[in-house]
Amino acid sequence: MSERSRTSLLERLNAGAPRYGKVEHLESIEFGQGARIERYRFENGLELLYLPDHSAPVLAYHTWFRVGSRHERPGKTGLAHLFEHLMFNEVEGLPPGGFDRKMEAAGADNNASTWLDFTQYQEAFPKGQLALVAGLEARRMNTLVLQQPQLDSEKEVVMNERRMRVEDDVEGAVDELLWKTAFDVHPYRWPTIGWMSDIEGFTTGDCLDFYRTYYAPNNACLVVVGDVTESKLLTTIAGAYGEIPPSTLPIEDIHPEPRQQGERRVEVEKPTPTEKLLIGYRGPALGDPDHLLVSLLMEVLCGGRASRLHKRLVRELSLASDLRASVGPHRDPSLIDIFVSAREGHRAEELLAIVDEELERLVREPVGREEIERATARAELGLLSGLETADGKASTIGFYETVLRRPAAPFERLRAMRWVEPGDLWRAARRYLRSEERTLVLVRPQAEVAA
Amino acid sequence: MSTPNEEAGTVTRPITEAGSASQPIVEADRAVPLVHVSIASKVGSLLDPIGKEGAARMLMRLMRRSGAGRSAEQADELVDRIGGHLGAEVTRSTAGFHGGVIARSQAAFLDFTFESLCQPRFAPGEFEQLRQESLAECTERLDDDRARARHFWLRKLFSGHPYGRPSGGTPESLRRVELSDLEELRERLFTRQHMRFAFAGAVDEPMAREAAARFHEALPVGREVAVDPADPVTPNGRTLVFVDKPERTQTQIVIGCLGTHAHDEDHTALHVGNTVFGGTFTSRLMQEVRAKRGWSYGTSSAVPFDRRRQAFSMWAFPQASDAAPCLELELQLLERWVKDGITARELAAAKKYLTRSHAFAVDTAQKRAALRLDESIYALPPGYQGSYLERVAAVTLEQVNEAIRRRITPEHLVITVLGTHAEIGARIEAAIPRLASAETVRFDAD
């Protein structure tokens, strides 16, 4: 759309806009080759990112709230995630379950997720159902009904989810233990799903407070990707959200994590047939230029079967059956975590010795250009694979917008990767792979299930 | 080397079916610079020698890591460098390579795929390495409660039938596989008669067609092997398999019987009926088990297809203390579904959902190519995928309820519960009316 057409469209829309429905165009952002995201903001603070995609007659509609488990406090952990569940229950004028029934009748596939820095709701639906979906999403942003029976039932569901993801899942339980041990003050120390005792204790009052505080248009960003015109989209969104007032958002009160003083180590027994090792180093925030460098280092170390640790631990020494490594993609500095599962009869200490050798090698000598090239190609493939559907594009845009306020950041990262030099990775390895700032979790099999 | 119910013969007729080398499936779309490639055989793990289950899967993985005389490390490095991924996928009815690559590297990727399929090296050292990795993965899978429950459930449901043989193998069967088995298996799986080709995305169409022809030329003519087992037999009465694992706070419950196949006249009607019962978030199972009682984070039912009757299954994972009442409720819901069927209102809602959401089955070139490939691999009725919307629209309430009654057998079920037997075993048995037999197996049994 030309600037002239857009100005004319906005003038027309704003002339008859509802109370908070006036909209302004903020910027146009390049998103890969030949595509542009348009950023709009409505008078109530609601932001809209729109990426036209006419490759299929479908739309993806995501609502990203800038609230996650980082906004909780001790004793009330898991509230953001529980609330995500409650958002599917009842809104004014619709009975419990009515929201999902209407979505399904529209052919919509809907879901939601909560993590450390955000909560997001997503729908993918056939073209032609935009007004229905936007109307339903606007209603639950503003007129959710919270009642005791639904809260009780949903708490049970979430506790069952916790049993599935943590209590009865070795990797989930160990991961939770690592973050709890590694952090002292930052809210990243508790799991997004929350501690079981906290989930049990939530009241409707807790939930209502949370809703009134964080579920407001000025704390949200809509991401719409798909087969719709800009004019129709803006008219629909203004109509659906234009009467919802903004709220006063609290100032975030988070203490940065102090520097870790010395290695931390815990051992646990689990009903698993083999030993496991989880290591967490202090890592950079997603917005830190070093994040890209550490991501590439982890690719070199554990990315696929050609990676250094896979070659040594799985192929050459037959010590491990599975391994992975990543750096947390979060707003604040978090962890670089490395997970290795031992083969039968081998100890976690044997794994640690080899992992340490390879980490020391990263610190001692630069990574070769060929390995950087492979890591970069894997990262590019991963990014492109996530952009094949409207839903995938909306997820990518929403995530980077919510965490970094830069929806096209994945392409910025891709461009930056092409200029990475061995010396850059070397510096990052020296800076972050410091054993005095790491946490280790060693998992031993309980005797009755040892292989 | 043979499997039951197998017929083979020299084929003289030309191969001109969709998906064959002369008519490869090509779904071009340049929106994202990625190319997807699928090269698959119409025959799968049912050709595994008896007692050597997992052989086809080992074969595919060995081929993937040894093309053109490369070492496994060289193969992995090459694929990573060009920005590709190539995986081996084996089911009962198909075995093939499926992968993708950044468009600029498609020529190199097609070469790599060609070399993996047509020029593998069967080195004893790499074979033994692969066996050890496969065995370690079997141990790793012991941590996956859902997969363990499903493994024992399938084994019982298809007991004595080829569908009961696990495509991934067991530690015991993997130890029995020999390199010569893989060499022989390759000759039977990957012939001109069996191979199907699909390319999607930002593909260079002439290059794709040329690649299919090149594969065709390099493959042996071979014999067409029609693995055609008899229909599985319905279980007799209600059977419980309790999978015992220590310290489970949560259980895995799988309930089911035989289901349908794509040539079954009840197939579409049963698919629609299942949508109402356990196919969506607002289904009966989800409403009763999750929304009203909060007993399980999720619960669902499914009616997948294969060449012969596949399974109908229900799944839930309640906490241990809710397992018995949850199982009891699921059985009651199943009985009611079969006895009373679905309502006209439910049918209308299901049709609306299935019709509108179908847009997401065909919204990318890769998905469209995969559907067409399935049609060819599974010998589905002509136009099967393309006629989905018409078939769903044509289904009547009577057809749905008849199909449910004809195909689902609530008095003849296999029920698997994974949990800690000492804590809930007795309550689980008591929760199953008319239970005919029960057995307990350790979660780590082969």
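Contact is taken here to mean heavy atoms within 4.5 Å. The structure described below is a predicted model.

At the interface, 60 residues of chain A are in contact with 63 residues of chain B. The size of an interface is often given as the accessible area lost when the parts come together. For chain B and chain A, the area buried between them is about 5,300 Å², of which 53% lies on carbon and sulfur atoms. Of the area that chain B buries against chain A, 12% is supplied by Asp80(B), Tyr297(B) and Phe360(B), more than by any other three residues.

Charged and polar groups also take part in the interface. Between chain B and chain A, 10 salt bridges are counted, and 33 residue pairs are in polar contact, both residues being at pLDDT 80 or more. One of the salt bridges joins Asp76(B) to Arg305(A), with the closest N and O atoms 3.4 Å apart. Several elements of chain B each supply at least two residues of the side that touches chain A, including the strands β3 (34–41), β4 (84–90) and β5 (95–102) and the helices α2 (72–81), α4 (124–141) and α13 (365–377). The greatest contribution to this side comes from α4(B), with 7 residues. By residue class, the side of chain B that touches chain A comprises 26 charged, 19 nonpolar and 18 polar residues.

Over all chains, the structure holds 89 salt bridges. Within chain A, Glu27(A) and Arg39(A) form such a pair, and their closest N and O atoms are 2.7 Å apart.

Chain B contains an open sheet of 5 strands in the order β2-β6-β3-β5-β4, with mixed pairing. Its edge strands are β2 (25–28) and β4 of chain B, each of which pairs on one side only. On average, neighbouring strands of this sheet are turned by 10 degrees against each other, direction ignored. The strands β2(B) and β6 (residues 195–201) of chain B run parallel and are joined by 4 bridges; in β6(B), Ala198(B) is the bridge partner of Ile25(B). Helix α8 (residues 205–218) of chain B packs on the sheet and touches β2, β3 and β6 of chain B, its direction making about 165 degrees with that of β6(B). Helix α13(B) lies across β2, β3, β5 and β6 of chain B and runs at about 165 degrees to β6(B).

An open sheet of 6 strands in chain B has the order β10-β11-β9-β12-β8-β13, again with mixed pairing. The edge positions are held by β10 (299–302) and β13 (435–442) of chain B; each has a single partner strand, so one side of each is left without a neighbour in the sheet. From one strand to the next, the twist averages 15 degrees. Strand β10(B) is joined by 4 bridges to strand β11 (residues 311–316) of chain B, and the two run antiparallel. Within this pairing, Ser300(B) has Trp315(B) of β11(B) as its bridge partner. Two helices are placed against this sheet. Helix α5 (residues 145–157) of chain B lies across β8 (238–244), β9 (252–258), β11, β12 (413–419) and β13 of chain B, at about 25 degrees to β9(B). Helix α9 (residues 267–278) of chain B lies across β10 and β11 of chain B, at about 170 degrees to β10(B).

Methods:
Residues are numbered from 1 along each chain as its sequence is written. Chains are lettered from A and ligands numbered from 1 in the order in which they are written. This is a predicted model: local features need pLDDT of at least 70, side-chain atom pairs count only at pLDDT 80 or more; totals for chains, interfaces and linings use all residues. Side-chain values use heavy atoms; hydrogens and water are left out. Buried area is the accessible area (1.4 Å probe) that two parts lose on being put together, summed over both. A salt bridge is a side-chain nitrogen of Lys or Arg within 4 Å of a carboxyl oxygen of Asp or Glu. A polar contact is a pair of N or O atoms within 3.5 Å; within protein, one must be able to donate a hydrogen and the other to accept it, and residues adjacent in sequence count only if both atoms are side-chain atoms. Ala, Val, Leu, Ile, Met, Phe, Trp, Tyr, Cys and Pro count as nonpolar, Asp, Glu, Lys and Arg as charged, and the others, Gly among them, as polar. Two strands pair if DSSP finds at least two bridges between them. Axes are lines fitted to C-alpha atoms, for helices over the stretch in contact, and angles run from 0 to 180 degrees between N-to-C directions.
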